[in-house]
Amino acid sequence: MDATNKKLPPRERKNEWPKYLAWAFVAALIIWAFVGMPAFAIKPNAGQIGGSIMSGIFHPDWAYVYRGDGEDLVSTLLQTIAIAFIGTFISAIVSLPFAFWAANTKHEFWLVTRSGKFLLTAIRTFPEIVLALMFIKAVGPSAFAGVLAVGFHSVGMLAKLFSEAIENLDNGAGESVTSAGGTRMDVTMLATIPQLLPELISNTLYRFELAIRSASILGIVGAGGIGTPLIFAISARAWSRVGIILLGIVIMVTLVDFISGSIRKKLI
Amino acid sequence: MADRKMAAPQMTLPKKPFGWEKLIVTILMIAGILWSAGETNVDIPMFFANFDQFMKIFDQMMSPDWSYTSYVIAPLIETIKMAVIGTTIGALVAAPYAFLVSRNIIQNRFVTGILRFILNIIRTIPDLLLAALFVAVVGIGPVAGIITLAIFTFGMVGKLFYEAVETIDEGPIEALTASGANKWEIVRYAVIPQVSSYFVSYFLYAFEINVRASTVLGYVGAGGIGVFLQQALGQFRYDRVSIMVLVIFAVVLVIDYVSLKTREVLM
Amino acid sequence: MAEQQVPSTTAAPQEPIIQFDHVSKVYDNGALGLKDINLKIYPGEFVVVIGLSGAGKSTLMRSVNRLHDITSGDIQIGGRSITKAKGKELLEIRRGIGMIFQNFNLVKRASVLRNVLTGRVGYYPTWKMIFGLFSPEDKQRAYESLQRVDLGDKVYARADELSGGQQQRVSIARALTQDPQIILADEPVASLDPQTTRHVMDDLKRINEELGITVLINLHSVDLAKEYGSRIVGIRAGEKVFDGPVATADDATISEIYSGKDTEKEGA
C-alpha cells in the first residue's frame, strides 16, 4: 500500500442550498401549524365516552347483524358493495374518452392534453360529499345518488390512471398491424385494446377498493350504504351498535381488498 | 445454411381449449352488475329526467358569492394547520412502528404479524367515519380532525414505509453484522441512511392527501373549512359552496406543486 | 438444394419488385435519413443491408412499406408507386409486404394465434376487425404458417410465455400469413442469442428459397450477412456506398462501409 500520511481532504461541497431551504421550509410549516393552533380543547368526559366506545366494540350488538328488515348490517353492507361496484363500473366507461383526451401521446397538441389533465384534477378535488348532495337533489336521498357520486368522482382518478396506461403503451404491435395493411381503427382493435385491457381492468379494481371506502362514507349525507346506520348509532350513543358496524366495515373492506388484490396480481 | 426442409404444413387447426376461467369471470361480472344495479335502484332515465334539478344547482354554483371569500380564509388556514399537525404526529408514530413490522429487522413473525394486523385494521376505516367517531369522543372542533388525520396518516405512511424498509439492499446489513454491530447500530448505519429520503417523500405525499381529506372532515364537526361547507349546503347556498370548492381547489393545486418541488429537492 | 430460379444479381431480365428512384429523406428535426438512394431489388433475392447504427438502415426498410414517408424521390413496389398511393391502394400494397421487427412487436398478452392472424388484417373490412371476426380458412392459414416455423404446438399459448427466439418466429409466421411477395426484416436477430439467431435466420432463408419470397433484411453482423445473403447493400450516412453480390464484398469494402465518424461501431 501507499504511505497513508496524507491529511483527510476537506469534504467537497456541492451546492446544498436548495436542500437546506426545503428542510427549513418543512420545519417552518410544522412550527407555524403548532404555534398558531388554539389549545387542545377536549370534552371533559372524553375519557368516559372513549371507554364506552371501547366497551361497545368489544361487546358488539350481534342481534343487528341480520334482522331481515333490509336495515340490518348485512343488508346495508351489501348495499355499500353494490354502490361501489356499479359506481366504479359506470366510471370506468365514462373514463375511457376522458383518458384518451388527457393522454399525452405524440400526435396530441399540448393544449388538449393539458386541459384534459386539468379537468381531471378538478374532478378529483371536488368533494365527493358535495357531489352526493347535488345528486340527492336530482334523484332523491337514495343509494342511486351514492352510485352517481361514486361514478362521477372516480372518473377523476380512473381516467388519470387510464391515460397513464395509454401513455406507457408500447406501439410496436400497432406498427406491425400498420405494416400488414391495417387502418387506424384496425390498430386500435387488434393492438391497442388487447394490450391496454389488462391494465385498465387492474386500475378499475384498484379504484373499486377505494370506492368501497367512499360508499361507506356517503350514507352520512343520505346517499345509501352503511354510513347511514353508523351515523344514527353514533348520535344515539348506541356504542354496541357502533361496535358491530365498525367490525362489519373492517371485515368487508379487508375481504374486498384481498379478493381484488389477488385478481390484480394475476392480471399483471 | 438451411439444413432442414420447412415442416410441411398439413395438420388442421386443433380446437381451442375451452376457457372456463374467462367464462366464469364474465358471468360473475354481468351478474354483479345486474345485482348491484337492482340493489341500488339504478335508474338512469330518471337521472336524465331530473337532470335540470342538478343543472339548477350547477347554475347557482356558476355564479359564486365572491364576497364570501374573506370569511373562508380563516377556516382554510385552520384546515391546513390541522393537516400539518395530523400528518406530523401520524408520520412520527408511523416511523418507529414501520421498523417493528419489517421482517428484515424484527425476525419474530408473531410480533410482526400482530402489529401488521393492527395496522391493516386501521387502514380499513374510512377517514370521515373516524372523524364522526372522534367528534363524539372529544367534541366538536379541530382536535377531532387532528386525531383523525393522525390515525389516517399512521396507517398510510406506516404501510408505505415498512414496504420501503423491507425492500432495502441487505448488503450493508450483512456487512455491519459481520463487523459485530448490534441491532441499534445496524438500524442506525445500514437501514436509516437507505430509507430516510423515502420517509420525507411519504410525509409530503401524506400531507397532500390530508389537505384534500381535511377539507370535508368539518362536515361531521371535525373543524376546518368543512364546517362552513356543511352550513352553506344546509342553507342551500350553492353560490357559497362553489366559492369554497374553488378555494379548496386552488389550495390543493398550490400545495401539490410546492410539495412536489420539495420532494424533488430532498430526494 | 436450390436448383431453381434464384435470380442471380447479374442482369436479370425481370422487372424489379422494389425500386428506389432518387429517394431522399430528411427528418422533421433536420436530421438526414437517406440521401439520393437508387436501388433495384429483383424477385427472389435475399438482400442484406449493412452499415453503422444510425446510418439509415432502418429508415430504408421503413420507407419501403411507408411506415416512414420519404421527402423526395419515388419508391415502386411491383411497378406501383407506394409513394403516391393513397387510402385503400396504400393498404393493399402494404399487405403484400410482410415485416419483422427487432422487438418482435407482438401483442404480448394475446394468444399466438391472434398475433399470427393480425397478418390477415389487410384482407378484411375494418368493421369485421372491431369484432375480431377472422374466417376459419384464415385461422387454418395462420396455423399452417406456424407449422412452417415449427411452432404448431404453441398455437394457443400466450405470446409472452414464449422465448425470444420463439416470439421472433411467431412474427415470421405472422408475416407469412399475409401471403406476401416481400418480407422486410429490421434487425430481426439483434436481441437474440447466437443459437436462436441461427434458427431465425435459417427460417428466413428457407422462406426465401422454398416459397420464393423476396427478403430485404438489415443486420449488424457482417458474418451473418455473408453467410445468408445473396447480395449486400452498404449504407453510410444515408448514402448507398456499396451494392453487389456477397462474393464481391471483401474486407476492404466492408471496412469502407463501416468507416466514418460514427463511434458506435458494432457487428463483426
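**Close-up 1. C:His22 sits in strand β1 (residues 18–26) of chain C.** Strands here are DSSP runs of E with at least two residues, helices are runs of H or I with at least four, and both are numbered from the N terminus. This is a predicted model, in which local features need pLDDT of at least 70, side-chain atom pairs count only at pLDDT 80 or more, and totals for chains, interfaces and linings use all residues. Residues are numbered from 1 along each chain as its sequence is written, chains are lettered from A and ligands numbered from 1 in the order in which they are written, and side-chain values use heavy atoms, leaving out hydrogens and water. Most residues other than glycine have a negative phi. C:His22 is not a glycine, yet its phi is positive, at about 50 degrees. With 46% relative accessibility, C:His22 counts as partly exposed (buried is under 20% relative accessible area, exposed is over 50%, and partly exposed is in between, with a 1.4 Å probe and protein chains only).

**Close-up 2. C:Phe104 lies in the loop between β6 (97–100) and α3 (112–117) of chain C.** Here, too, a residue other than glycine has a positive phi, near 65 degrees. C:Phe104 counts as buried because its relative accessibility is 10%.

**Close-up 3. Chain A meets chain B through 65 residues of chain A and 69 of chain B.** Contact means heavy atoms within 4.5 Å. The two chains bury about 5800 Å² between them, 84% of it on carbon and sulfur atoms; buried area is the accessible area (1.4 Å probe) lost by two parts on being put together, summed over both. A salt bridge needs a side-chain nitrogen of Lys or Arg within 4 Å of a carboxyl oxygen of Asp or Glu. The pair runs from B:Glu21 in helix α1 (residues 20–39) of chain B to A:Lys266 in helix α10 (residues 239–267) of chain A. B:Glu21 is exposed at 56% relative accessibility, and A:Lys266 is exposed at 62%.

**Close-up 4. A nonpolar core of 102 residues is the largest in the model.** Such a core is a set of buried Ala, Val, Leu, Ile, Met, Phe, Trp, Tyr and Cys residues joined through side-chain atoms within 4.5 Å. Helix α6 (residues 127–138) of chain B gives the largest share of this core, eleven residues. A:Ile245 and B:Val241 have the most contacts inside the core. Leaving aside residues up to four places away in sequence, B:Val241 touches A:Val130, B:Met61, B:Leu229, B:Ala232 and B:Leu233.

**Close-up 5. C:Arg120 and C:Asp138 form a salt bridge, with their closest N and O atoms 3.2 Å apart.** C:Arg120 is in the loop between α3 and α4 (126–130) of chain C and C:Asp138 is in helix α5 (residues 136–148), so the pair ties together parts 18 residues apart in sequence. Are these two residues buried or exposed? Both C:Arg120 and C:Asp138 are buried.

**Close-up 6. C:Asp203 and C:Arg169 pair their side chains in a salt bridge of 3.6 Å, N to O.** This pair links distant parts of the chain, 34 residues apart: C:Asp203 belongs to helix α7 (residues 194–210) of chain C and C:Arg169 to helix α6 (residues 164–177) of chain C. C:Asp203 is buried at 0% relative accessibility, and C:Arg169 is buried at 8%.
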